[in-house]
Amino acid sequence: MNLFNSIEHQPLAFRLRPESLDEFYGQEHLLGEKGILRTLIETDKIKSLIIFGPPGCGKSLIAHIIAHKTGSHFESVNAVTSNVQELRTIIKKAEKNLNVGIKTILFIDEIHRFNKIQQDALLPAVEEGIITLIGVTTQNPFFYIVPALQSRSHIFKFKKLSNDALYKILQNALLNKEKGLGKYNIEIDENIKNILINKSNGDARKLLNLVEMAFLTAYSENNKRIIINESILEKIFQSKISKYDKDGDYHYDIISAFIKSIRGSDPDAAVYWLARMLDAGEDIRFIARRLVILASEDIGNADPIALILAQSCFDAVNHIGMPEARIILAHTTTYLASAPKSNSSYLAINKAMEDVKNGKILSVPEHLKNFNPETEGDNSKKDTYKYPHDYDYHYVEQEYIPEKIKYYEPGELGYEQKIKTRLKKLHRNYHGDGG
């Protein structure tokens with residue numbers, strides 16, 4: 001059996017692109033049985049969309065499914081290489097299509113890379129329904145897309161794919177005889193599948209590329225009995241597979257041990273668990289993100305520098321990568337583990353959000369409301385608000401909320417002790433409880 005005659009030239013990830021919602025895995029919050037996006041697609045009520053989310057989560061696939069479902073003409077451009085002239089040509093073509101009853105979907109990949117002029121060029125066609133825009137991006141559109149285009153589009157956030165969704169995608173790749181690898185005699189156990197899923201880090205495209213590479217490597221060794229095992233994976237990853245990879249529980253157990261060691265102020269244990277993750281090929285961005293969260297959740301105002309350092313760590317590892325990123329991660333890990341701890345801010349926001357969730361909706365005091373001299377001739381609100389900077393120590397007693405509430409209770413460690421002392425001094429009369 002000749003390899004190149006037996007395997008389609010198209011990449012596995014391309015061949016397995018779903019053609020319907022039933023073939024799509026993941027994003028249940030939008031595409032589940034009662035998901036809003038699924039309803040819009042199935043009832044052919046799709047208007048212009050902007051979809052954002054991490055790589056490999058299915059953003060582009062949805063555009064193709066919508067075009068297939070609605071029978072629309074499909075135009076695709078990449079924001080990196082496109083220009084205003086190309087957009088105008090597509091819009092003119094879409095106008096002709098519309099005159100004969102054919103809708104046009106304009107799919108724009110990496111739409112956040114369009115400048116304001118390019119985005120503005122789309123506005124009339126989107127406004128008039130000449131085109132149905134589907135823009136996808138890995139960036140938050142509220143920062144990159146002009147407000148006028150935002151207001152004319154539905155914006156949906158896609159999430160990183162769950163391990164359950166990735167497992168279904170993997171099984172489909174292995175069992176699908178028409179488009180996948182189902183016609184081959186492949187042997188692969190559950191541990192190997194878990195390693196592939198963990199290595200893909202929520203990215204379906206990466207998962208399918210890994211599966212295809214593993215298959216090709218195993219096929220080249222024995223095309224009659226294709227065994228994808230640890231030996232094959234070590235060849236494609238160019239590193240030894242550690243116990244960390246074999247079972248999904250290890251992934252969560254080790255990151256849990258890492259976080260709890262930092263929270264427990266044990267830098268040596270934390271560095272060991274960091275080494276285990278790095279040796280296993282864990283995504284350094286995942287580790288850095290957890291450090292940023294921990295810096296606020298477990299250290300907070302006890303050491304305000306912790307969050308700054310953790311954010312700098314996240315930015316640095318993204319720019320530098322391994323192997324040097326290990327130094328930055330170790331630097332940040334040991335600092336955070338050694339820092340004084342406080343979860344006061346974490347507890348404060350949880351208490352406040354619980355109150356709001358349970359219906360505690362308080363009115364804004366009149367003197368705190370926004371004053372607009374162009375629309376309000378009465379200066380009463382402006383005059384009754386006391387500007388703290390006009391007073392000693394830049395503080396003056398006044399009502400900021402109509403009901404006395406205690407959420408933030410600073411601790412005794414690090415800088416938070418200074419915060420506590422200052423708040424007690426300022427609020428001794430206002431709060432009455434010395435807090």
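The sheet I would like to start with, in what is a predicted model, is an open one of five strands, and its order reads β2-β3-β4-β1-β5 with parallel pairing. At its edges sit β2, residues 73-78, and β5, residues 154-157, each of which pairs on one side only, and from one strand to the next the twist averages 15°. If we look at β1, which covers residues 49-52, we find that four bridges connect it to β5 and that the two run parallel; within that pairing, Leu-49 has His-154 of β5 as its bridge partner. Packed on the sheet is helix α5, residues 59-70, which touches β1, β2, β3 and β4, and whose direction makes about 170° with that of β3.

Let me now step back to the chain as a whole, which contains 22 helices and seven strands. Its radius of gyration is 28 Å, well over the 22 Å that the globule rule gives for 435 residues, and therefore the chain is more spread out than a compact globule. Along the principal axes, its C-alpha atoms fill a box of roughly 85 × 65 × 40 Å. Of the contacts with a separation of 6 or more, 71% come from residues 24 or more positions apart, while 42% of the 435 residues count as buried. The accessible surface comes to about 24,200 Å², and carbon and sulfur atoms account for 52% of that area.

Finally, a word on cysteines: which state do Cys-57 and Cys-313 have, buried or exposed? Cys-57 counts as buried because its relative accessibility is 1%, below the 20% cut-off, and Cys-313 is likewise buried, with a relative accessible area of 1%. A search of the whole structure for disulfides finds zero.

Definitions and conventions: Residues numbered from 1 in each chain as written. Predicted model: local features only at pLDDT ≥ 70, side-chain atom pairs only at ≥ 80, totals over all residues. Heavy atoms only, no water. Disulfide = S-S within 2.5 Å. Buried < 20%, exposed > 50% of the residue type's maximum accessible area, 1.4 Å probe, protein only. Pairing = 2+ DSSP bridges. Axes fitted to C-alpha atoms, helices over the stretch in contact; angles between N-to-C directions. Contact = heavy atoms within 4.5 Å. Rg over C-alpha atoms; globule rule 2.2 N^0.38 Å. Areas by Shrake-Rupley, 256 points an atom, 1.4 Å probe, with all protein chains shown as cover.
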